[in-house]
Every structure is written in C-alpha cells, then in structure tokens.
Amino acid sequence: MTTMSGIPRADQTRALSLSTIAFTLNFAVWTIFAIIGVQIKTQLGLNETQFGILVATPVLTGSLTRLMLGIWTEQYGGRIVFPIQMLLAATATWLLTFAESYPVFLLAALGVGLAGGSFAVGVAYVSHWYPREKQGTALGIFGAGNVGAAVTKFGAPFIMVAFGWEAVANIWALGLAAIAVIFFVFAKDDPVFAARRKSGAKPATVRSQLEPLKNLQVWRFSLYYFFVFGAFVALALWLPHYLVDMYDVDIRTAGMAAAAFSLSASVFRAYGGHLSDRFGARAVMYWTFGFSLLLLFMLSYPPTSYTIHAVHGDISFSTSMSFGPFVLMIFALGFFMSLGKAAVYKHIPVYYPDNVGSVGGLVGMIGGLGGFVLPILFGALLDLTGVYTTCFVLLFGLVAVALTWMHMAIRNMERAHPEVARDQLPQLPEFEGMTIPAGPSAAVLTEWEPENPEFWERKGKRIATRNLWISIPALLLAFSVWMVWSVVVAKLPAIGFDFNQGQLFWLAALPGLSGATLRIFYSFMVPIFGGRLWTTLSTASLLVPAMGIGYAVQDPETPYLIFLVLALLCGLGGGNFASSMANISFFYPKAEKGHALALNAGLGNLGVSVMQFLVPLAITMGVFGLMGGDPQPLADGGELWLQNAGFVWVPFIILATIAAFFGMNDIASAKSSFADQAVIFSRYHNWIMCILYTGTFGSFIGYSAGFPLLMRTQFPDVNALQFAFLGPLVGALSRAGTGWVSDRFGGGRVTLWVFVGMILAVFGVLQFLPLNGSGGNFWMFFACFMALFFLTGVGNASTFQMIPVIMRREVPRLMPKLDAAAAQKQVERESAAIIAFTSAIAAYGAFFIPKSYGTSIAMTGGPEAALWGFGIFYAVCVALTWYYYARRNAPVPC
C-alpha cells in the first residue's frame, strides 16, 4: 500500500519507528542528571543552586543546538544528521565518567546536552514523510519519545544503587551509540530531501530558513512550548530531588514516582496529536492550560497550619498534600502537558511546510531553554524562600500568562471577523488567512428529527444511543459522589473523629440539600450551554469533592467545618441529574422517551448502589499503594483506608469527562434561553409533578442517603454496610426495567398504585422497628425497605413518563396559535425543563429524609415519627394522582 504521492506506507512506518526509538534513547541520555545528579550532588557537596545549574546544563546545550540542527536537517537530510548527533552525544556521555571537579562536570554536561537537540532533527525528518492531515498524529507519536525520561527514572536508580552513577553513564552511552549505527544502516532519506537531491536543486540558505522567525506567532508558539515542554523537562529533572527532600523517600521510590510524571507527560503525546488532527489544536490548548492552571494551584499550596478564632475558642488545623495525592496530581499534570506538546507542534508543518527545521528548531529551542532556566529558578527560589512548592507557584504564573495571551489572540481574531459565527472561526488565531471551515462543529447536530422514522433509523438512533451510553456512566459517577457520605459518616467515628450523632446526620443530609438546590440551576443549563459542554464540565467538577474527601479523612484533627463544606460540594453530583435527564430527553422520539429516560435515570441511580458496594470494599485495602496515603488504625487493631472512598472515583471521573467531551453532541434546535424555559413556572402541572416526583425519587434518594445510618442506629449489632447497597440497587434496577410498564398501561395509573404500595411498605417498616423495648425484626424491616426501594424505582419511571404526555395535551390548549412543528418544539422544550426542574425539587428528599430521621430520634428517641410523616405524604400523592391523572374524567388523563 502507498500513500502521499506514491510513498510506501512501510517506508513511513520505518522512518517513524526508527526516529521514535532514537529520540527515546536521546531523551533518556538528556535527562540522565535527574538521577545521577543526586549522587554527584552528595559527592561534591553542592548547594541547591549549584545542583540546579548542573542538571540544567545539558538542557542548555540541547536547546541552543536545536535551531541549527533543524536547519542542517533541512539542508543535508535526517539520515546523516541524526546519527552524527547521536554519536557525539554518546561520546560526551561516556567521557562524563572521567570528570572529578564541579567545573569539569559542567563542561561534560554541555556535551551530554547534544542529545536534546535530536528533537529538531526528528521533527524535520518525520514531517516530510506524512501529509498535512496526518502530521499531528505522526509528530505526536515521535514526540512520545519523551518517555525516555521515564526510562531513566525507572532503570537508572537501581543501576546507580548497585554499581554507581558511572555505570549508568556508560550503559546509556553504549545504547545511544548502538541506535546511531542502526539508524544509519536502516533509515532512508526523506522524500523531500531525496527529491531535491535528484533534481540537483540547492538547499535553502540559512538566511531564508530564518526568515519566518520574524513572525510574532512563532514566538507565541514558543511561549506555549516553554511551558508544555520546558516545564516538563524542568520537573523531570527536579522531581527526584524534590521528592527525596519533601517526602523523605529513598532515591528509588523518588525515581519511580517522578517516572509516573514523565510517563504521562510522554506517552499521551501521540494521543494529543490525534486529538489535534481531529478536533483542532485550539480546544486541546485550552484544555492543557485550563487544567494545568487548576492542578498547579493545588500543587502550589505549601503545608500550612491555621488557627480560627471562634466564639467557643480557637479551632486549629493544618493542610498538606501527602505523597500519594502528590503523585496523582503530577501524573494528571503530565497528561495535559503531553496533549499540549502535540498541539503546539501540530501548527508548524501546517504554516511553514518549507521551514519546519528552522521554525521547529526555534520553538524547540525556546521550549528547551525552559528546561534550563526553570530548574535554576526552582533552586534559587528554594534557597531564597525555603518553601519547596515555590517551583509550582512559578509555573502557575507562567501558565496564567500563556493562557491569557492565547485567549486575547483568539478574541482579537473574533473581532476581526465579526461576520463569522464563533464556532466557525479557525481552530487557532494563528490560522488567520487559511480557509474558514464551512458549517459548525461536527459535535453540533444541525439536523435532528427524531420523530421522522426514516431519519431515526438512518442515523438518529445510533447518535442518540451513543449519547445515552456516555451519559449513563457519567450520571452513575455523579450519584456515587453525591451519596458517598452515606458510607463515610458511618465510618468516621471508628477512625477517631469525635462527631456526635446529630453532626453525622447533618453530613449525610447536606449533600442532598446542596444537590437539590443546584438542580434548580442545572435544570436550565443544557439549552443554554449545550448538553455536550455542560456534561463535560459538570462531570469534571466531581473531582473537587472526590479528592477533597480523600485528603480530609486522613487527619482526625480536620475540623467539622471542612467536612460540612465537602458535604455541600458533593451536591455537585446531585445537580447533574437534572441536566442529564433534560439533555437525553431531546434525543429521543416520544415513543421511546420513557424507556430512554428510565435507562438513563435508572442506571444512573445505580451509582448509589455501586458506591455503597464498592466503597466498603475499597476502604479495607491500600488500593493505590503509596499514592493513596497511610491507613487509619482502628480500635480493634485493624486498618482502614477511608480516603479511598473519595480517591477511588478519580480515574473514572477523568475518563467520563474525556468521553463526554469527545463523544457527545449538542443539538442546535435544543438551544434556548432561560426566559424561553421559564414559562414552565406558570404551568400548574409542573408544580403537581414536583410533588409526585418528590414522593418517588425524593424517597429513593432520601432513603439511600439515610438507610445505612438508620440501620446502624436501630440495629447496632448488624453490619449495616454489607446490606446498604441492596436498597439503591433494587430501586435503580426497577426504574431501568419498568419504563415499558408506564408506556403500555399509562404513567398516571402506575403512579397511583405505586403510592398505595409505598403506604403499605412504610406501615410494614413501622411494625418491625425496635420499639418499646423490643428488639425488632431486622430481616422483616429490611424486606419492607426493599419493597419501598422497588416501588420508588417504578414510580420514578412512571412520573417521568407522565410529563411529556401531559405537555402534549397542555401545549396545544394553552398555545393554540402554534403550528404543528412549533407546537412539537415547545412540547419538547417544556417537557425537558419540567423533567429537570421536578428532579431538582424532588432531590430535597436527600436532605429531608435523613434530617427527619435525626430530628425524630433526637425528639422522640426513635425514627417512627418521621416514617408516619412519610406515610401521610404518600397519601396526599395518591389523592393528587387520582384527581388529576388517573380517574375516569381526569383533567389530563395519562
């Protein structure tokens, strides 16, 4: 098979594979001082600044040589330049072992730095083998050779401990010399160089190669690369030393932890190239800078002690990031930096196809200089302030400047093209002058007619299904984080937190309060922002409470106020339900809407059960090893890793966020303002459905939140956590599996009998509580609660099925002047808004039910008063359902 005007794909693969392997070994040599420098520092008695200069010196040579190496590659071909560069770097690395004094080490380090210049050679060589639309991916794969830093971090510490740093230098030098010979023997001249040599044309002069460097955009690229690559190199060199001093670990542990950063900052570069080819580099750069800013802010915060002067005395507490969370943070930082490195180099062969060597060399040189300058500044700041985290403060400021400059450039381009819609502008401000793509983003569906059978079968069903199955796990994670306190509060006393029963019930109840309140706002977000963007942002927000819980529970001195804040933040997960349901409702025709919403909600609700099953298991073992922190001792001599209740969700949240951004869609016709949606507040059926849905979903989520603690207080001899997950599991599965019942028999009729059954189930629970000195009957109590959970699931599905049916009857009556198409659009808009808004009001059940238990126990000694109140409320729901929807002459039969 051949590509790119007859170039065999096998030759492309050969060139890319050899270049990537060569660059990997070059990078391993270039960062060798990150490991051997620690032993040399001790051997020579260097201070922090001297050590920073030593590890940064190879970076200086590697950076400064990139410009000329790139130009020479354009002139003489990569097949010649690459092996020569590697042999020189290998020789310098071998001679390093003969150095004895600090100045000689610095001189030798300059020669070792030639390995860093290999990047400019490889970029020019590889880019000539691939067409423009594939260059981002190809250069991303080549750039993944940054993983050589991880190779050094993993392997060098063990060799150094066993045989000394000299053995590391010798082995790395021999490996680099070997690949130089292999490259020269097996590589071929790139097509551009071969064609020029065949034609007898002279190569471009150095002057013409340097001509594009006058453009401001080249220097803007360089600033981006100064962070994404320069800071990567700086941290790769600095982290082993940082970890040894900050966390008092040995060099092998520090090397492996630093390798986690180098690994993520390297291997994902290929993925960043693919994303840049497919979605455009602007989106990738925004993600890189935005998430880097957040991560660096958290990494910048030094260990700190606080004293709050409160009414009843001082409250003292401290904050610090332990070793495990730190490694997770730098791994995440490396991931986004790797995407950014690929995105920056996506530009160069596009804008400067004849000057890839010089432009790529300059950008690489400036980026590499970041790897030289930053470690020196890290050391100087540490010597000056004595605060280890100042290195991350410096990087935070750098990212802020780069993000601001990029965004201002984009805004200037928008103002320069006022006639072009924002989503039709080029992917980066540097694309100015290129053809503006026609039409909106591929993620926006401009044609969406789910009620059209031909359209639905041709492509609508496939798209809707994909969005549904991305929405479900995102919603499942949201419910897991929202309800995680129902398990955490049951374990806090066991690990030394001295909170009373009322305080624990507050912690279980507050996520329900904040989640319900947030749902009111989330109800209207999808038509304003679009389902894809809002799902992405709302899912990513779950990282804050998940990681916060992981930190807070590790210290029994953490104040109750911190736990209150974290409990409120868990409400971010509760808010997601409203926007998720509104979003999915737009994708499906009315005949399938009930089933789709039941699947989304039912399997999403399953997150409560998944959490109550998974968390009790995760907290019994060191799932994350050293990265997860130390266990908390128990009174019986056991150990508990309660931090895993938060940390266990982090990798899944990250994956779900990425899936939502790249896999979901926005529906153009579903966009509307808050004012358009606010009409639902004048629909009295909206308020009736709020009451009914509070009776079904409010009961489900409230019982889920309070069930573990209720069982623990009423039946203290029973290990409640091993059974708690079954209730939400039954409720979620019954919701997902019974949507068809309402589609067939009518939502109003099913809802009526659900509430009747719930009254009977509550009465059954009251009969088996330990009242009046009796021990009660746990298994009958449990069985009645399982019946309650099952019925709430059926009712959740039936009430949501009712809403579109009600609005299809009401909109034509209330807006008779609308034509059929406008009426249908209004029905869909109001149905989605009411579905979201009723879920917001109903979610207050997650607060009121646990709080009612606590209040009832405090006032009467037991929960029976709360349960009687629930039964009375269900009787009101029976009356409302019968009168408005289920009787023979009901105003809106459904």
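Guide: In this predicted model, a salt bridge is a side-chain nitrogen of Lys or Arg within 4 Å of a carboxyl oxygen of Asp or Glu.

Visitor: What makes Asp11 and Lys188 a salt bridge?

Guide: The closest N and O atoms of Asp11 and Lys188 are 3.2 Å apart, and the limit is 4 Å; the pair therefore qualifies as a salt bridge. Asp11 belongs to helix 1 (residues 9–30) and Lys188 to the loop between helix 9 and helix 10 (191–199), so the pair ties together parts 177 residues apart in sequence.

Visitor: Why is Asp11 called buried, and why is Lys188 called partly exposed?

Guide: Buried means under 20% relative accessible area. Asp11 has 14%, and is therefore buried. Lys188 has 37%, which lies between the 20% and 50% cut-offs, so Lys188 counts as partly exposed.

Visitor: How do you know that Arg458 and Glu454 are separated by about one helical turn?

Guide: Both residues lie in helix 19, four residues apart, which means a separation of about one helical turn. An α-helix has 3.6 residues a turn, so residues three or four places apart point the same way. The closest N and O atoms of Arg458 and Glu454 are 3.0 Å apart, and the two form a salt bridge. Arg458, at 45% relative accessibility, counts as partly exposed, as does Glu454 at 48%. Salt bridges that share partners join Glu447, Glu454, Arg458 and Lys459 into one network.

Visitor: What makes Lys459 and Glu447 a salt bridge?

Guide: Their closest N and O atoms are 3.5 Å apart, within the 4 Å limit. Lys459 lies in helix 19 (residues 453–482) and Glu447 in the loop between strand 5 (444–445) and helix 19, so this pair ties together parts 12 residues apart in sequence.

Visitor: Why is Ser538 called buried?

Guide: Ser538 has a relative accessible area of 5%, and the cut-off is under 20%; Ser538 is therefore buried. Ser538 lies in helix 23 (residues 531–540), and its side chain reaches the backbone oxygen of Trp534 at 2.8 Å. Leaving aside neighbours within four places in sequence, Ser538 is in contact with Tyr522 and Asn576.

Visitor: How do you know that the span of helix 39 agrees with its number of residues?

Guide: At 1.5 Å a residue, the 23 residues of helix 39 (residues 864–886) should span 33 Å. The end C-alpha atoms are 31 Å apart, which agrees with that expectation. Among the buried residues of helix 39 are Phe870, Tyr874 and Tyr885.

How values were computed: Residues are numbered from 1 along each chain as its sequence is written. This is a predicted model: local features need pLDDT of at least 70, side-chain atom pairs count only at pLDDT 80 or more; totals for chains, interfaces and linings use all residues. Side-chain values use heavy atoms; hydrogens and water are left out. Helices (H or I, at least four residues) and strands (E, at least two) are DSSP runs, numbered from the N terminus. The expected span of a helix is 1.5 Å times one less than its number of residues. Buried means under 20% relative accessible area, exposed over 50%, partly exposed in between (1.4 Å probe, protein chains only). A polar contact is a pair of N or O atoms within 3.5 Å; within protein, one must be able to donate a hydrogen and the other to accept it, and residues adjacent in sequence count only if both atoms are side-chain atoms. Contact means heavy atoms within 4.5 Å.
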